Amino acid sequence: MIEVTNLTKKFGNTISLDSVSVSFKEGDYVALMGPNGAGKTTLIRLILGYYIPNNGEVFIDGLNPMKNRVEVLKNISFVPQLPPPIKLSLDELINYVVVSSGTPKDKIFYYAKEMELDLIPNLSKSFFKLSGGMKQKLLIAISLANSGSISIYDEPTANLDPKARENFYRLLKENEDKKISLFVTHRLDELEGIINRQIYMDLGKIVSDERI
Amino acid sequence: MKNLFLVAFLDLKESIRAKWFLVYSLVFGGLIAMFFIAGVTESQVMGFSGLSRLLLMYIQVTIVILPIFILITTVRSISGDRDNHILEYMLSFPISLKQYYWGKIAGRFITVFLPVFMAMFVAIIYGTFKGAAIPWDIFLLYTGLLFSLSSAFLGIAFFISSIVKSSEVALGIAFFVWIFLLSFIDIALISLMMQNRYDEGMIIAIAMSNPMEIFRVAAISLFDPELTVMGPVAFYILDSMKHGVFVLFSIAYPIVLGLVFATFGYIVFKKRDLV
């Protein structure tokens, strides 16, 4: 369970998140929506323990993600908006994931195959030299292979072609169990049948929070 | 610990593949090769000849270029990863900040120290084949000095990398630190002395706090225990401290300095927003 209470985050004089309170329970598949600068990514980064809040608290299963980051992150998988230019080879990156998080290697290969990404011939290539779509497919495969109870996707399909998106949504549906999944998205129609809750944010506040 | 080794190992592998590492290795390896080709080992200057002469020249060039190489290649390790969102992804896995930060330092230390050491080591091996006398005392001292100078500037680089958010600013600060410390090897110290307004003790303290200056003094002191070739500050240093004590200080102090800066860098890294 994720419990966010009166969370405020400022960058200089700009308030990015303004006293937000929200909770996410097992089985919540949430679309986080809103215009650019609404505070969606800031909220996610606070949940991941990247930012020090100016006010308020975040607890994940009763743990503070900044003070107990290792324990908290064992249960979280994350796909960023843009794949970062990691210079490790695919083999090294997968090794980093497997050793640090205990994600089974065979499951990463399985989901990569399901995403139509052939890992074997690309293992020695640098991650940043892959195409945008291939990078995103690998990050999605790593996330799906993780058995954590929380999945966070920050606009994960931005670089994917229609077929890859279709595969991604199919795998999400197949994987549905009592997890918490947060999707930062601008395309609600694509998540139809997956999400059961829709949160709309603007100017750092939650404007609406509806069950679907 | 396994995560620390993992981060160190992957950073090491990534660095070895990088173009800067190739240039870095070629510069130090090339220096040694150039000295052999130029016949430095056959020359005799101020009584130094053979491999001793070669090592002395190597260390004199290293004083200037090693710090800037370490600073520019390392200063962007944290700030650069933050800039291009690598940190955001890599830290989404259950790795503690301590393991990540110190793992990066360990990996980077091996990367910057090994080529400098190996160039010197290869010179010794080549010299052995050529039948030259091996100056083991100088080789051991220089290994210690290179180790400690690398530690000092690696610590400073990681500190800068942690406190600034932009890698461009980090690079600018790194250049400033290098120029500042380089100027306090001689030029600024001499100008302070010439003004006759400052106490000798203070000038010596400034010299002793500069890792580049004590590296230089210690490196030369083995050849010239009176330090007559190095000017007044070096002379004062050995006047107030026994040679053996100074050599130990010249190795221990930069290591401690590097650790202190790296620790401050870690504290800043831990206490601030990560991305």
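Guide: Start with A:Asp61, which sits in the loop that links E4 to H2 in chain A. This is a predicted model, so every value here is computed from predicted coordinates. Most residues other than glycine have a negative phi. Is A:Asp61 buried, partly exposed or exposed? A:Asp61 counts as partly exposed, because 13 C-beta neighbours lie inside 10 Å. The limits on either side are 12 or fewer for exposed and 20 or more for buried.

Now step back along the chain into E4. Strands E2, E1 and E4 of chain A make an open sheet, in that order, with antiparallel pairing. E4(A), residues 55–60, is an edge strand, and so is E2(A), residues 14–24. Each of these two pairs on one side only. On average, neighbouring strands of the sheet are turned by 20 degrees against each other, with direction ignored. Look next at E1(A), residues 2–11. E1(A) runs antiparallel to E2(A), and 7 bridges join the two strands. Take one residue of that pairing: A:Ile2 has A:Phe24 of E2(A) as its bridge partner. A helix packs on this sheet. H1(A), residues 40–47, touches E1, E2 and E4 of chain A. The direction of H1(A) makes about 60 degrees with that of E2(A).

In the contact between the chains, 24 residues of chain A meet 19 residues of chain B. Three elements of chain A each supply at least two residues to the side that touches chain B: H2 (69–73), E5 (76–79) and H3 (90–101). H3(A) gives the most, with 6 residues. What is the class make-up of this side of chain A? It has 17 nonpolar, 2 polar and 5 charged residues.

In H4(A), residues 105–114, the buried residues are A:Ile108, A:Tyr111 and A:Ala112. Seen down the axis of H4(A), they fall within an arc of 105 degrees, so they line one face of the helix. An α-helix has 3.6 residues a turn, so residues three or four places apart point the same way. The buried residues of H4(A) pack against H3, H5 (132–145) and H6 (162–174) of chain A.

A:Tyr111 counts as buried because 23 C-beta neighbours lie inside 10 Å. Residues up to four places away in sequence aside, A:Tyr111 touches A:Ala141, A:Leu144, A:Ala145 and A:Leu171. A:Asn167 is 56 residues from A:Tyr111 in sequence, yet their C-alpha atoms are 9.9 Å apart in space. After H4(A) comes A:Glu116, with a positive phi near 60 degrees.

A:Leu203 is not glycine, and its phi is near 50 degrees. A:Leu203 lies in the loop between E8 (197–202) and E9 (205–211) of chain A. With 14 C-beta neighbours inside 10 Å, A:Leu203 counts as partly exposed.

Cross to chain B for the last stops. B:Gly103 belongs to H6(B), residues 97–129. B:Gly103 is buried, because 23 other C-beta atoms lie within 10 Å. Neighbours within four places in sequence aside, B:Gly103 is in contact with B:Asn3, B:Leu4, B:Leu6, B:Val7, B:Ala8 and B:Asp11. B:Leu10 is 93 residues away along the chain, and its C-alpha atom is 9.2 Å from that of B:Gly103.

Finish with a helix pair. The axes of H11(B), residues 211–221, and H13(B), residues 243–271, come within 10 Å and cross at roughly 145 degrees. The crossing of H11(B) and H13(B) is left-handed. Residues of H11(B) in this contact include B:Ile214, B:Phe215 and B:Ala218. From H13(B), B:Phe246, B:Val247 and B:Leu257 are among them. By class, the contact of H11(B) with H13(B) has 9 nonpolar, 3 polar and no charged residues.

Notes. Residues numbered from 1 in each chain as written. Chains lettered and ligands numbered in written order. Predicted model: local features only at pLDDT ≥ 70, side-chain atom pairs only at ≥ 80, totals over all residues. Contact = placed C-beta atoms within 7 Å. Helix = DSSP H or I, 4+ residues; strand = E, 2+ residues; numbered from the N terminus. Nonpolar A, V, L, I, M, F, W, Y, C, P; charged D, E, K, R; others polar. Pairing = 2+ DSSP bridges. Axes fitted to C-alpha atoms, helices over the stretch in contact; angles between N-to-C directions. Arc of directions from axis to C-beta. Left-handed = near helix turned anticlockwise from the far one by under 90°.
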